[in-house]
Amino acid sequence: MGRPQLSDMPALQQENERLRKIVADLQLDKLILKESLDHLKPKASHGSNFVRRLFTLVKSWTRLSAGLVT
């Protein structure tokens, strides 16, 4: 590793930490949505459009956020 790369290291480490915090926040949001869905699903009436849309949203969010976490 050359001198220019070493001088960029602190900035890269800072950016990495910022991105890790963003991913952690997204994972927390995903968990909250999943728990909310688990709480709402048994109480909802059959054919509830809201619950179906929320379930679809959570599934999409889960797939999206899974792609962000390595």
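Visitor: Why is Glu15 called partly exposed?

Guide: Glu15 has a relative accessibility of 35%. Buried means under 20% relative accessible area, exposed means over 50%, and partly exposed lies in between, with a 1.4 Å probe and protein chains only. Glu15 therefore counts as partly exposed. This is a predicted model, in which local features need pLDDT of at least 70 and side-chain atom pairs count only at pLDDT 80 or more, while totals for chains, interfaces and linings use all residues. Residues are numbered from 1 along each chain as its sequence is written, and side-chain values use heavy atoms, with hydrogens and water left out.

Visitor: Where do Arg18 and Glu15 lie?

Guide: Both lie in helix 1, three residues apart, which is about one turn of the helix. Helices (H or I, at least four residues) and strands (E, at least two) are DSSP runs, numbered from the N terminus. The protein has two helices and zero strands.

Visitor: Why is Arg18 called partly exposed?

Guide: The relative accessible area of Arg18 is 44%.

Visitor: What is the nearest side chain of opposite charge to Lys30, and how far away is it?

Guide: It is Asp29, 11 Å away; Lys and Arg count as positive and Asp and Glu as negative, while His and the chain ends are not counted. Lys30 is buried yet has no salt bridge. Lys30 is found in helix 1.

Visitor: Which residues is Lys30 in contact with, leaving aside its neighbours within four places in sequence?

Guide: They are Trp61, Thr62 and Ser65, where contact means heavy atoms within 4.5 Å.

Visitor: Why is Leu33 called partly exposed?

Guide: Leu33 has 26% relative accessibility, a value between the limits, so the residue counts as partly exposed. Leaving aside its neighbours within four places in sequence, Leu33 is in contact with Val58 and Trp61. Leu33 and Trp61 are 28 residues apart in sequence and 9.0 Å apart in space, C-alpha to C-alpha.

How values were computed: Salt bridge = Lys/Arg side-chain N within 4 Å of Asp/Glu carboxyl O.
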